[in-house]
Amino acid sequence: MSQSRRDFLKLAAAGVGVFSQGHLFGSAAVPRSEISVRLTSESARFAAQPTIPWQFSSDTVVLDPTKTYQEVLGVGAALTEAACYMFNQLTPDAREPIFHELYHPSAMGFGVCRTCIGASDYATVAYSYDDGDPDPDLLRFSIDHERAYVLPMLRLARKMNPELFVFGAPWSPPGWMKANGSMLGGSMRKRNLAAYAHYLVKYLQAYAAEGVTLDAVTSQNEVDTDQDGRMPACFWAQETEIEFVGKHLGPALETNRLATKIWILDHNWDLWGRAMCELGNPDVMKYVDGIAWHVYGGKDTAMNKVHDAYPEKHAYVTECSPDYTDPAYMTSWARWSEQFAGMFRNWSRCVTSWNMALNEKGWPNIGPFTAGGVLSIDSKTHEIVRTGQYWALAHYALAARRGARRFDSQGQVEKVSHVAFVKPDGSQALVLTNTGAERKIRLRLANMSADVSLPQASVLTLTWK
């Protein structure tokens, strides 16, 4: 019997396991005594030495760049009509620098941008691209309303970052397509599904002609609510979304040779069962790239459940909004960073906040509602204030650039969350979030380690190559 085999059997008898890479790990048996030491050296021969105490090390994060997960698109926020209106209030001398800061790869380099297909709740008025009496041939279709604020800001964002991933979401079809005849609340009439698919194709083509190509669309913002008729919204039954995507929208994009990806649901994590059921339909499976998720109900682990069942379908967090009435609106960076870490650790390819900018009272909106912007722009002075969520996004914009991959980080440290990425250039980044008191933790990477101090309520990004 070899010496290594005898050593293994001794360790096994003592209750110690062995990693396949050869590293030892404790199983059920935990050492209860100090470590006895005998030394042979120039000055000693098998001599007893002072014992060494075992120290419990719970505050360790172990990094393994050889084990990678999803490729990421980045982070960003929505250029709603409301946000674009606020940016339009700035002079060009003020607007260009803030867009450079937000989107240019040499600065924040936000990688994703959500836009609204027609009016959302954060718009100056409720509008679609075909308002009025029924128009199944879409002879009235026009995106002219968005030439004032939305299209110029989207073009400026893409100018700053040509690789910006832009996706669109509709809050409501034109009122005449719905049972209640209004953009506010209500539900879709099945007889108009083909016309609505054509409507979205015309939108994509019209935007492309204006220099804004859409990389993805969702079938409906928040499919499972009509928002009590207070805002542009539309309830979609599960079977209606399945039929629309599988029989109308998917084939329409295919026929018109549009490479735009389709994301379904665009609603909360607690609807993960609905997402699973829809992906069980072969037509939906054929045309859908992934699931768009909101954070207002359920837990981020729902994305992991869907990924386990359908690993080829991607997860995208498409909305997570701050509230300007929150006392911590300006200082909530640690709380948001903790949430972002959970999103990426549960397979999301992006983190997208809601309005990129609003005024100090969350205006303009149709509600009224209390969402705050990532940026707050003073309605009188036009001073730009960076909020707590902005500073959290800044860390992930640095670490989770487009094309990066999340890699494995393990370790349960109280009040500390962590998520790691390897970038296309081979550099690596780790975002550490401490929502508790000041503390120190230890990082392990292969045979190296580093001790890191985390101030109270802090976010820390570490990068190396």
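Which residues in helix 7 meet which residues in helix 9? Trp-272, Met-276 and Leu-279 in helix 7 are in contact with Ala-302, Lys-305, Val-306 and Ala-309 in helix 9, where contact means heavy atoms within 4.5 Å. Sorted by class, this contact comprises 6 nonpolar, no polar and 1 charged residues (Ala, Val, Leu, Ile, Met, Phe, Trp, Tyr, Cys and Pro count as nonpolar, Asp, Glu, Lys and Arg as charged, and the others, Gly among them, as polar).

The model is a predicted one, in which local features need pLDDT of at least 70 and side-chain atom pairs count only at pLDDT 80 or more, while totals for chains, interfaces and linings use all residues. Residues are numbered from 1 along each chain as its sequence is written, and side-chain values use heavy atoms, with hydrogens and water left out.

Helix 7 (residues 272-279) and helix 9 (residues 301-309) pack at an angle of about 20°, their axes being 9 Å apart; here helices are DSSP runs of H or I with at least four residues, strands are runs of E with at least two, and both are numbered from the N terminus. Axes are lines fitted to C-alpha atoms, for helices over the stretch in contact, and angles run from 0 to 180 degrees between N-to-C directions. The two helices are therefore roughly parallel, a term for angles under 35 degrees.

Across the whole structure, a search finds 26 aromatic pairs, meaning rings of Phe, Tyr and Trp (its six-membered ring) whose centres lie within 6.5 Å. Trp-171 and Trp-354 form a stacked pair, with 5.3 Å centre to centre and 15° between the planes, stacked being the word for planes under 30 degrees apart. Because Trp-171 lies in the loop between strand 8 (165-170) and helix 5 (193-209) and Trp-354 in strand 13, the pair ties together parts that are 183 residues apart in sequence. Both Trp-171 and Trp-354 are buried, that is, under 20% relative accessible area with a 1.4 Å probe and protein chains only.

Turning to the backbone, most residues other than glycine have a negative phi, and most peptide bonds are trans. Trp-347, however, has a positive phi of about 85° and sits in the loop between helix 10 (333-345) and strand 13 (348-355). The peptide bond from Trp-363 to Pro-364 is cis, with omega near 5°, and another cis bond, with omega about 10°, joins Gly-367 and Pro-368.

Terms used. Parallel < 35°, antiparallel > 145°, perpendicular 65-115°, else oblique. Phe/Tyr/Trp six-rings, centres within 6.5 Å; stacked < 30°, edge-to-face > 60°. Buried < 20%, exposed > 50% of the residue type's maximum accessible area, 1.4 Å probe, protein only.
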